[in-house]
Amino acid sequence: MPKKIENVGCPYCGVCCDDLVVTVSDDGKQILEVENACAIGNQIFHHATGSERVKLPRLRQPDGTYKDISYDEAVDYAAKVLYNAKKPLIYGFGSTNCEGMAAAAKVAETAGAVLDNCASICHGSSFLAIFDNGYPSCTLGETKNRADVIVYWGANPAHAHPRHMSRYSIFPRGFFTGKGHKSRKIVVIDPRHTDTAQVADIHLQVKQGHDYELFDAFRAVVRGHEIPEEVAGIKRERILEVVEIMKKARFGTIFYGMGLCHSDGRNHNVDIAISLTRDLNDYTKWTIMAMRGHYNITGPGAVWSWQYGFPYCLDLTKKDIAHMNPGETSSVDLAMRDEVDAFINIGTDAGAHFPIEAVKHLRKHPWITIDPNICMASEISDLHIPVGIVGVEVPGIVYRMDNVPIQYRKVIDPPEGVISDEELFERIHKRLSELEAEEAAKGPAKAAPEGVRAEE
Amino acid sequence: MKTVTLTLTNPSELFIEGQNITPDNFAGRKAAEIAALDVWEGKQKSPLGKYFTVEGDGGATAEETKIVLRGDCTRVKRIGQQMTAGEIVIEGNADMYIGGWMKGGKIHVKGNVDSFCGIGMEGGELIVDGNAAHHLGSSPRGEWRGMQGGVIRVAGNAGNDTATFINGGTIVIGGDADIHISTHGEGGTVIVKGNAKGRVGGQMVKGDIYVYGTIENPLPGFSMVDEVEQEVDGETARFAHYIGDLGERHPTSKGKTVYANLYTKL
Ligand code: SF4
């Protein structure tokens, strides 16, 4: 009899839907059906058993091919790379659990590495704005139960977070929002006429890259000042109209995405959005929330802030001092400036996401990829170490986009012999500590692994 | 004044973090002792003498110590960081944080500098003959008390985020400035003799900005009030005077609201 598992969390996007029902086969090895998930969430489960999986670490050979090696050999290789590098970079963590992130931080601290996560090329600018200006936020539950005005600014959940609108923002009926969609006003601010804009009551088609000016105009209007006839491509009357809606709301939430974080000014766009949110609280209750991408990309921020006081771009090369300054200690900048000499890509695909120049720089040095699947990064690495898929084969804590921790469970076992990120990092840490102890005992006699590389 | 000359003869593979290269640390030390000071290359701590040849001894105090850096210091960070007195001359380019958290003395860079130079500056003088990259005279991340005092002069262009959270002091940019000047500013003066790209004075509470050229994208939160004649950096000229950022909070003084001032040359 196939078994139905209820209340399963989805390890895909930051909405972290935890109402999935997964049917697994009799022997517990196949995923037969996934209910309630959106198309992309569905895919992640079916991919686990429906595709060819890598079951052993693979080491690049001088002829360019990969050869299977044992986990012990892979752990030894990784530990030696970290040990010998002057400034190794450990980057990724978009798709793993908090347990894995904490174990990786232990490794980074011992190795004197730079520890960074995908926020570095995503919502990192939000962190900078939050450092500078605070974060008047709320949980998604509060938005669902209270909000009567929703603003999506530079975000397109219809594609990136498919169930966000139905679970939390536009459509659900909450405690004080019993009429659901009918009682809510939706404002979308985006240069493109996105599918999210389709469901909006008002769509302001801001001129690309000029969100900051538009926010400034909103703020000036909130404070009762005159503004020019047109700002960032939007007519004054439209701005006045939207400000009026915002001021009259009972409870509002601004959800913002890459439109702010990835256009000119980045953190300042988020920063002024936070200022606007604060201004509106002179009139009514307004909150703001980052549309964090992956299901646990909020996790490393929470875990590392607790461990080191900073959420990302952590330079731990001085070991007892944590230094953070994006622009200097951020992965892409480190790569472009040739500031690091070894790279571990974990739970993400830097091969696909980084600018090609950054990839080329990193590729001059040893590159290790830790990922359940074959991806672009795994195919250009010196070493690829497979691990179990969190949320499908490995349980653990994840943080939803509103910083709410959720315990994820597993529905099937990982392929035989495949270990978790956490176990892998614990083993690397143990080996690294052994190397340090050996060094302390007999001075410098460390075998550097050959930096064998794939064809460029 | 005694001069210590550092010549970069053995360049690093990665970047050198040279926060010890200050008159304060060199004062009272012989050349050999200076060569034994720590610098960092990633997690590797080495003596300064591994990369630089050191000639000359430090003066008795920081005031009496001058440091001259020769060779290509493009990959040397943090020179003159937190210095309180004395002088540093960098013959070519230098990397990040030059004159960061500087309290006094003078740094003269004859080439270009990278980002975060003069951040958190409290006093002294930082002069750059070439260009400066981003976050010139800005506040460190998350610090809402930015530059407090001192003077920064860049003959060439500056990148984005100049003078974020500036509180005091003066920054003069001879060329153009990229976006964001004096964002969140609470005081101080920034003078841009070339053009500014935009977001000049965004979220600014107090302080002054002068732009001699054009502002490509002016902010809607600035409103023109009058025309004034003013002496700026030794010359007198007529300016259009704007106040702002009207979207931001502003304090009152003697019953009047205090705004930030933006002057554009007429
Ligand atoms: S909306 Fe996101 S979390 Fe929910 S099912 Fe889709 S991908 Fe998974």
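Which residues does A:Cys10 touch, not counting residues up to four places away in sequence? Select A:Cys10 and you'll find A:Cys16, A:Cys17, A:Leu20, A:Gly41, A:Phe45, A:Tyr295 and A:Tyr408 in contact with it (contact means heavy atoms within 4.5 Å).

A quick note before moving on: this is a predicted model, where local features need pLDDT of at least 70, side-chain atom pairs count only at pLDDT 80 or more, and totals for chains, interfaces and linings use all residues. Residues are numbered from 1 along each chain as its sequence is written, chains are lettered from A and ligands numbered from 1 in the order in which they are written, and side-chain values use heavy atoms, with hydrogens and water left out.

Stay on A:Cys10: it sits in the loop between strand S1 (3-8) and strand S2 (20-24) of chain A (strands are DSSP runs of E, at least two residues, numbered from the N terminus). A:Cys10 is buried because its relative accessibility is 8%, the cut-off being under 20% with a 1.4 Å probe and protein chains only. Now pick the C-alpha atoms of A:Cys10 and A:Gly41: they are 6.2 Å apart, though 31 residues separate them along the chain.

Next, show the ligand. Around it are A:Cys10, A:Tyr12, A:Cys13, A:Cys16, A:Cys17, A:Ala37, A:Cys38, A:Ile40, A:Gly41, A:Pro162 and A:Arg163, each with a heavy atom within 4 Å. That shell splits into 9 nonpolar, 1 polar and 1 charged.

Last stop, B:Leu69. Leaving aside neighbours within four places in sequence, B:Leu69 contacts B:Leu6, B:Ile21, B:Phe52, B:Ile79, B:Ile88, B:Val89, B:Ile90 and B:Glu91.

Methods:
Ala, Val, Leu, Ile, Met, Phe, Trp, Tyr, Cys and Pro count as nonpolar, Asp, Glu, Lys and Arg as charged, and the others, Gly among them, as polar. Helices (H or I, at least four residues) and strands (E, at least two) are DSSP runs, numbered from the N terminus. Buried means under 20% relative accessible area, exposed over 50%, partly exposed in between (1.4 Å probe, protein chains only).
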